Structures are given as C-alpha cells and as structure tokens.
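This briefing covers one protein model, topic by topic. Please look over the sequence and the structure before reading on.

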Amino acid sequence: MTRFWQTLTCFASLAAVAANAQTAREPRLTSARASQVADSILKLMTLEEKIGQLNQLPGEGSQTGPRVPQGGEALVRSGGVGSFLGIFGADYTRELQRIATHESRLKIPLLFAMDVIHGFRTIYPVPIAEAASFDSARAEFSARQAAIEATAHGLH
C-alpha cells in the first residue's frame, strides 16, 4: 500500500478524531498538524488495521431498521472496518461510534454513509433534472434538506 493511499485512507477518520479531542478553548488543527496526527496514527497501525479502514460494510435489513452484518461489532472493536453504508438511526450509529471510539485499540471513529443524491426521507428530483430547471436556489434547497435529514439520522 503506498504512502499516499495510507494517508488518504486515514485522513477523514483522523480529522474526526482530532475534532472530537478539541475543546472550545483549543485552536483548530492546522493542515500541517493534521498531517502529523495522521502520520503518528499510521505508524501505530498494523497492516490489518490499515486494510480495515478501507472496508465499508453494507447494512442488513431487520425489523427495527438496518443493522451491521453479523460480526460487524467485533470488526469495529478489532479495527477491521472503517465505515458502513446504509446504516442509519441516530441512537444506533451513536452506539457503534461509541464502540469504535472507546473499545477499539486506536479509537478511530467510523464513517456512516448512504446515497442521498436526491433526498433521504423527502425525495426530490434527481440532480440532473434540477439542473435542467436552471433554478440553483431550488437545487441548493433540496440538497440542504437532504443533508439535514441524513445528519439527523446519524449519517455523515
């Protein structure tokens, strides 16, 4: 794995670690400092943990909403997964994040993602259709609403 990909792989997670570690009185991390933090964590990571950060597991349906696949929480604890696709729900994602940041060796936060290209709960026209309307304010509004809804459900 090249140094570039290692740095790129961990940068988003490390930025979240750094953001969680700061208090209101501490200055924001500079780009140079963020790179130092990323490099220091990369040096601590095993090859398996680096590969784990590249893993994005899909959610599986259940009666109470999407859940991690069987064994997913153990993978979080061992650093074997860096993100989940299709897992949402503020309480559930918060619990998974707690496992990642309190029970894993390097405490690297997870990323939660889902395609919300034309809405999350409220569905809007696809972006190419919005672009064809030449109403940039409407396109911005629908993107903002999708982001607000997704964020409220624990998605990044």
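**Cavities and overall make-up**

The largest cavity has a volume of about 120 Å³, where a volume is the space filled by probe spheres set on grid points joined across faces, edges and corners. This is a predicted model, in which local features need pLDDT of at least 70 and side-chain atom pairs count only at pLDDT 80 or more, while totals for chains, interfaces and linings use all residues. Residues are numbered from 1 along each chain as its sequence is written, and side-chain values use heavy atoms, with hydrogens and water left out.

**Cavities**

- A search of the whole structure gives 2 cavities of 30 Å³ or more; a cavity is a set of points on a 1 Å grid over the protein atoms alone where a 1.4 Å probe fits but cannot get out.
- The lining of the largest cavity consists of 15 residues, and Gln53, Val76, Gly79, Ser104 and Ile108 lie nearest its centre; lining residues have an atom within 4 Å of a point.

**Fold and surface**

- The protein has 7 helices and 3 strands, where helices (H or I, at least four residues) and strands (E, at least two) are DSSP runs numbered from the N terminus.
- Starting at the N terminus, the order of elements is α-α-α-β-α-β-α-β-α-α.
- Of the 156 residues in the protein, 35% are buried; buried means under 20% relative accessible area, exposed over 50%, and partly exposed in between (1.4 Å probe, protein chains only).
- Among contacts with a separation of 6 or more, 67% are between residues 24 or more positions apart; contact means heavy atoms within 4.5 Å.

**Helix H3**

- Helix H3 (residues 47–54) has Glu49, Lys50, Gly52 and Gln53 as its buried residues. Seen down the axis of H3, these residues fall within an arc of 155°, so they line one face of the helix; the arc is that of the directions from the helix axis to the C-beta atoms.
- Leu47 and Glu48 are exposed on the other side of H3.
- Glutamate 48 has a relative accessible area of 58%. Its C-alpha is 7.1 Å from that of glycine 80, although glutamate 48 and glycine 80 are 32 residues apart in sequence.
- Gln53, one of the buried residues of H3, is also among the residues nearest the centre of the largest cavity.

- H5 has 14 residues and reaches 19 Å from its first C-alpha to its last, close to the 20 Å expected at 1.5 Å a residue; the expected span is 1.5 Å times one less than the number of residues.
- Tyr92, Thr93, Leu96, Gln97, Ile99 and Ala100 are buried in H5. They cover an arc of only 150° around the axis, which puts them on the same side of H5.
- These buried residues pack against helix H4 (72–78) and S3.
- Asp91, Arg94 and His102 are exposed on the face of H5 turned away from its buried side.
- Lysine 107 is in the loop between helix H5 (90–103) and strand S3 (111–113). Its phi is near 60°, a positive value in a residue other than glycine, and lysine 107 is partly exposed at a relative accessible area of 35%.

**Helix H7 and its ends**

- Phenylalanine 134, in the loop between H6 and H7, has a positive phi near 60° and is a residue other than glycine. Phenylalanine 134 is exposed, with a relative accessible area of 77%.
- Helix H7 (residues 136–152) has 17 residues and spans 24 Å from first C-alpha to last, close to the 24 Å expected at 1.5 Å a residue.
- The buried residues of H7 are Ser142, Ala146, Glu149 and Ala150. Viewed down the axis of H7, they fall within an arc of 100°, so they line one face of the helix.
- An α-helix has 3.6 residues a turn, so residues three or four places apart point the same way.
- Helix H6 (127–132) is what the buried residues of H7 pack against.
- On the other side of H7, the exposed residues are Ser136, Ala137, Glu140, Arg144, Thr151 and Ala152.
- Alanine 152 counts as exposed at 52% relative accessibility.
- Glycine 154, which follows H7, has a positive phi near 90°.

Key: On a 1 Å grid over the protein atoms alone, a cavity is a set of points where a 1.4 Å probe fits but cannot get out, and a pocket is an open set with protein on both sides within 12 Å along at least five of seven lines; lining residues have an atom within 4 Å of a point.
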